[in-house]
Amino acid sequence: MTMSDDDILAPRRSRSGSSRTTSSGPEARGPIIDQDGREIRPETLEQGFREFRFELGKDNPFAGSPFGNLTREQRIARLEAIAKLLDVAFILPGTNIRYGIDGLIGLIPIVGDIITTAIALWLVREARALGAPWYVTARMLGNVALDGVVGMVPFAGDAFDVMFRANMRNVRLLRRWLDKQPRM
């Protein structure tokens with residue numbers, strides 16, 4: 001059954017004359033259609049929701065991680081993407097200055113710097129999980145600490161955040177170390 005454009009654009013009227021229906025159920029709202037105008041059976045829709053659901057129970061091998069088992073390269077690509085988003089995602093119009101959401105969130109006094117420092121610490125934790133040695137993670141922690149402490153200074157700290165780019169430095173440190181490692 002296909003619907004005409006009038007049925008799609010105009011809501012069905014209830015007996016009282018208002019466009020809002022008071023009964024519940026699939027019949028009260030009308031059929032569900034896809035972008036091509038074909039009707040979708042409700043049981044098919046419910047099946048799709050069951051397949052899409054995250055199950056984070058202890059019997060699930062992907063428990064606690066909606067990303068599942070990512071390969072090493074996928075994890076590194078994710079770290080690089082987050083670092084770019086935090087440090088160089090945008091360009092200041094009329095200039096060559098790049099900034100990210102780290103500089104924007106850092107404008108929120110104290111809380112913003114705590115949030116961005118927590119994300120940066122997560123990046124360091126991921127690097128450690130990838131096997132980075134203590135001296136690489138120590139340098140990464142030093143970058144995060146410097147960025148976090150100086151970033152707490154109003155406005156000047158935010159300008160420092162934009163120019164220092166601790167997350168990009170950390171991903172570059174990790175990438176350099178990984179490039180020196182033998183391929184398995």
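**Contacts, helices and loops**

Me: Leaving aside neighbours within four places in sequence, which residues is Ile82 in contact with?
Reply: Contact means that heavy atoms lie within 4.5 Å. Once the neighbours within four places in sequence are set aside, the residues in contact with Ile82 are Ile119, Trp122 and Leu123.

Me: What kind of model is this?
Reply: Residues are numbered from 1 along each chain as its sequence is written, and side-chain values use heavy atoms, with hydrogens and water left out. Local features need pLDDT of at least 70 and side-chain atom pairs count only at pLDDT 80 or more, while totals for chains, interfaces and linings use all residues, and the model is predicted.

Me: How far apart in space are Ile82 and Ile119, C-alpha to C-alpha?
Reply: Ile82 belongs to helix α4 (residues 72–87), where helices (H or I, at least four residues) and strands (E, at least two) are DSSP runs numbered from the N terminus. Ile82 is partly exposed at a relative accessible area of 24%, given that buried means under 20%, exposed over 50% and partly exposed in between, with a 1.4 Å probe and protein chains only. Along the sequence Ile82 and Ile119 are 37 residues apart, and their C-alpha atoms are separated by 9.0 Å.

Me: How many helices and strands are there in the protein?
Reply: Read along the sequence, the elements follow the pattern α-α-β-β-α-α-β-β-α-α-α-α-α. The count for the protein is nine helices and four strands.

Me: What share of the 184 residues in the protein is buried?
Reply: Among contacts with a separation of 6 or more, residues 24 or more positions apart account for 51%. Of the 184 residues in the protein, the buried share is 27%.

Me: Are helices α7 and α8 roughly parallel or antiparallel to each other?
Reply: Two packed helices are described by the angle between their axes and the distance between the axes. Axes are lines fitted to C-alpha atoms, for helices over the stretch in contact, and angles run from 0 to 180 degrees between N-to-C directions; those under 35 degrees count as roughly parallel, over 145 as roughly antiparallel, 65 to 115 as roughly perpendicular and the rest as oblique. The axes of α7 (residues 134–151) and α8 (residues 156–164) come within 8 Å and cross at roughly 150 degrees. The two helices are therefore roughly antiparallel.

Me: Which residues of α8 make the contact with α7?
Reply: On the side of α7, the contact is made by Asn143, Leu146, Asp147, Val150 and Gly151. On the side of α8, the residues are Gly157, Asp158, Phe160, Asp161 and Phe164.

Me: Which elements do the buried residues of α8 pack against?
Reply: The buried residues of α8 are Gly157, Asp158, Asp161, Val162 and Phe164. These buried residues pack against β4 (98–99), α5, α6, α7 and α9 (166–180).

Me: Is Phe155 buried or exposed?
Reply: Phe155 is found in the loop between α7 and α8, and although it is not a glycine, its phi is positive, near 60 degrees. With a relative accessible area of 67%, Phe155 is exposed.

Me: What is the relative accessibility of Ile110?
Reply: Ile110 lies in the loop between α5 (101–105) and α6, and it has a positive phi of about 60 degrees without being a glycine. Ile110 counts as exposed, because its relative accessibility is 53%.

Me: How far apart are the C-alpha atoms of Gly103 and Gly151?
Reply: Gly103 is found in helix α5 and is buried, with a relative accessible area of 10%. Beyond residues up to four places away in sequence, Gly103 touches Leu86, Asp158 and Val162. Gly103 and Gly151 are 48 residues apart along the chain, and their C-alpha atoms are separated by 8.9 Å.

Me: What is the relative accessible area of Asn167?
Reply: Asn167 lies in helix α9. Not counting residues up to four places away in sequence, Asn167 touches Ala83, Leu86, Asp87, Asp102, Ala120 and Leu123. Asn167 is buried, with a relative accessible area of 2%.
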